[in-house]
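The sequence and the model come next.

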Amino acid sequence: MLRKAPPGKVLGGAALIASLLVWTTVATSGSVAMWSVILVGMFNSVMFPTIFTLGITDLGPLTGKGSGLLIMAIVGGALLPVLQGALADSIGIHTAFVMPALCYLYIVFYGLRGSRVVRVVPRG
């Protein structure tokens, strides 16, 4: 896919499908909910390498520092399952899946708009 389409669009499309699958999990039960949440993993596989590549694009001499920050930011992702578990305890497992569905929508934004490189022209 990445040979045929820009990485941001691939990321946005994969995250959109993952979000729709998680919403399907929330809206259904039984084998449909089970398979929809399992299929999310297929769309997750493209996300980290694409987010990483988009995140360090055009950093120039700061690429090493930028990539280090991205690697450290992975710890933030470790907090989301804990939050989802707390939500599941308080509002139920089914409803707690709304949180990752919303996170995937943010990844859609990042892939389609938020990852664009903005060139700043110095004044003066």
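**Entry 1: where a helix packs.** I began with helix α6 and looked up its partners: the buried residues of α6 pack against α1 (7-27), α2 (30-44), α3 (47-56), α4 (63-91) and α5 (93-96). For my own use I note that helices (H or I, at least four residues) and strands (E, at least two) are DSSP runs, numbered from the N terminus, and that a contact means heavy atoms within 4.5 Å. Helix α6 itself covers residues 98-114, and its buried residues are Met99, Pro100, Ala101, Tyr104, Ile107, Val108, Tyr110 and Gly111. Here buried means under 20% relative accessible area, exposed means over 50%, and partly exposed lies in between (1.4 Å probe, protein chains only).

**Entry 2: what I am looking at.** This is a predicted model, in which local features need pLDDT of at least 70 and side-chain atom pairs count only at pLDDT 80 or more, while totals for chains, interfaces and linings use all residues. Residues are numbered from 1 along each chain as its sequence is written, and side-chain values use heavy atoms, with hydrogens and water left out.

**Entry 3: the whole chain.** I counted elements and found six helices and zero strands in the protein chain. The C-alpha atoms fill a box of roughly 60 × 35 × 25 Å, taken along the principal axes. Of the 124 residues, 26% count as buried, and among contacts between residues at least 6 apart in sequence, 66% join residues at least 24 apart.

**Entry 4: the core.** Which residues have the most contacts inside the largest nonpolar core? They are Leu11, Val22, Val40, Met47, Tyr104 and Ile107, in a core of 15 residues; a nonpolar core is a set of buried Ala, Val, Leu, Ile, Met, Phe, Trp, Tyr and Cys residues joined through side-chain atoms within 4.5 Å. The elements giving two or more residues to this core are α1, α3 and α6, and the largest share, six residues, comes from α1. I then followed Val40, which touches Ala18, Leu21, Val22 and Tyr104, not counting residues up to four places away in sequence.

**Entry 5: two helix pairs.** I looked up α3 and α6, which pack at an angle of about 40 degrees with their axes 11 Å apart, where axes are lines fitted to C-alpha atoms, for helices over the stretch in contact, and angles run from 0 to 180 degrees between N-to-C directions. The two are therefore oblique to each other, since angles under 35 degrees count as roughly parallel, over 145 as roughly antiparallel, 65 to 115 as roughly perpendicular and the rest as oblique. Their contact is made by Met47, Ile51, Leu54 and Gly55 of α3 and by Tyr104, Ile107 and Tyr110 of α6.

The axes of α1 and α3 come within 10 Å and cross at roughly 140 degrees, and that makes α1 oblique to α3. In this pair the contact is made by Pro7, Gly8, Leu11, Ala14, Ala15 and Ala18 of α1 and Met47, Thr50, Ile51 and Leu54 of α3.

**Entry 6: aromatic rings.** How many aromatic pairs does the structure hold? It holds two; rings of Phe, Tyr and Trp (its six-membered ring) pair if their centres lie within 6.5 Å, and planes under 30 degrees apart count as stacked, over 60 as edge-to-face and the rest as tilted. The rings of Phe48 and Phe52 have their centres 5.8 Å apart and their planes at 40 degrees, so the pair is tilted. These two are four residues apart in helix α3, about one helical turn, and Phe48 is partly exposed at 42% relative accessible area.

Tyr106 and Phe109 form a tilted pair as well, 5.8 Å centre to centre with 45 degrees between the planes. Both lie in helix α6, three residues apart; Tyr106 counts as exposed at 53% relative accessibility, whereas Phe109 counts as partly exposed at 43%.

Entry 7: Ser115 is found in the segment after α6 and is buried at 12% relative accessible area. Leaving aside neighbours within four places in sequence, Ser115 is in contact with Leu54 and Tyr110.
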